[in-house]
Amino acid sequence: MKILSINAGSSSLKFTLFELPKTDAIASGVFEKIGLKDSFYTIKYDGEKTRKEVYLKDHSVAVECLMKDLVDMHIVSSLAEIEGVGHRILHGGAEFTKPVVLSEDVIERISKYNELGPLHNPANLLGVKAFMKALPGVINVGVFDTGFHQTMDEEHFLYPVPYEWYTNYGVRKYGFHGTSHRFVYGEICKKLENEELKVITCHIGNGASLCAIDEGKVIDTSMGFTPLAGVMMGTRCGDIDPSILEYVCNKTGKTISEVTNDLNKKSGFLGISEISSDARDVENAAMEGNKMAILAENMYAQKIANYIAVYNNMLNGADAIVFTAGVGENSARMRKMVIDRVKSLGVKLDDNLNNVRGEYQKISSEDSTIAVYVLPTNEELLIAQDTLQLKREMGD
């Protein structure tokens, strides 16, 4: 059964086409600079990558181009082959805890959370509406970044602020990267043939978050009310003293929005290294002896290690630590730097096993107190699988 997995951004639209139950993508691609004159898109199919320069006025035009090319490139014989479309949606508040079939009523309910995800949610919903128009009668399913984390207990998702901020305004920890954490947890349970594992999942990429999971229930996660909280990231600061905002506003004359933008887009690796937000660039510079790059790497590794130590305590001893996402899957150097900082827990890597990129492998030594793994994430596949499951539950 052919299912499309969609991630619509404000000026982009990423797609992956699966033929389930197979897990390999048939085709994938991205539409970029939607709404701008120099817009274009690329499609990968049958080992080849095709790029087309075309004016994409809006998301509907991008979807029309995709529908046409799927047929013209013989990726599908007709659009009738596409039996479902799954959409990544950033924020579902506390209301949407699981994937949901999308309708006009559900879209309106989701839009209530746009103010919690102003950069992503409206764009996500534009994508939904475009596919509803292009493929009438085909099931559309929303899969929420925040959904998995709604299994947290109140003592872990609440902040120690006036309680009325929560009851009146929804101020609480929501967590993000939930689709990735859920996929990785499910996969490690399958690999180890145990569905009752206590796992610390480390989604370490340009955005980064960790999650403590006990038998499929999220105990805690590092991102918070927004994706700005938690560990240091490519351009995000992670956890800081909130009083810094007022102080910098007073010193610079910047507005709270301008300073928040700096914390989101000019901090993290970029802010400390002053080289790049890309961990690969920072790693290369550090290996050449650049002091600021070395400092950035050390800060990054320590902050990740701190969360691992805390989450191991919360889980009363983890069964596994799993690295995933761009840095987690590909940087043996960073994995070693992190694990070296939790040696007090008895965690040890095997340097030979750790020399791996982008594939599943146990990388801890035999005498490690906690097993450590690399496991590639695949959020697109999980979104497609969720879509198929809901389609079957509806009897389609």
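Colleague: Is His74 buried or exposed in this predicted model?
Modeller: Residues are numbered from 1 along each chain as its sequence is written, and the model is predicted, with local features requiring pLDDT of at least 70, side-chain atom pairs counting only at pLDDT 80 or more, and totals for chains, interfaces and linings using all residues. Side-chain values use heavy atoms, with hydrogens and water left out. Buried means under 20% relative accessible area, exposed over 50%, and partly exposed in between, with a 1.4 Å probe and protein chains only. Because His74 has a relative accessibility of 64%, His74 counts as exposed.

Colleague: Where does Glu215, which has a positive phi of about 50°, lie?
Modeller: Most residues other than glycine have a negative phi. Glu215 is not a glycine, yet its phi is positive, at about 50°. With strands taken as DSSP runs (E, at least two residues) numbered from the N terminus, Glu215 is found in the loop between strand 10 (208-214) and strand 11 (217-221).

Colleague: Which strands stand at the edges of the open sheet of six strands?
Modeller: Two strands pair if DSSP finds at least two bridges between them, and the sheet has the order 11-10-9-12-14-13, with mixed pairing. Each edge strand has a single partner strand, so one side of each is left without a neighbour in the sheet; these are strand 11 and strand 13 (361-362).

Colleague: Which residue is the bridge partner of Phe323 in strand 14?
Modeller: Strand 12 (residues 320-324) and strand 14 (residues 371-374) pair in the parallel sense over four bridges. In strand 14, Phe323 has as its bridge partner Val374.
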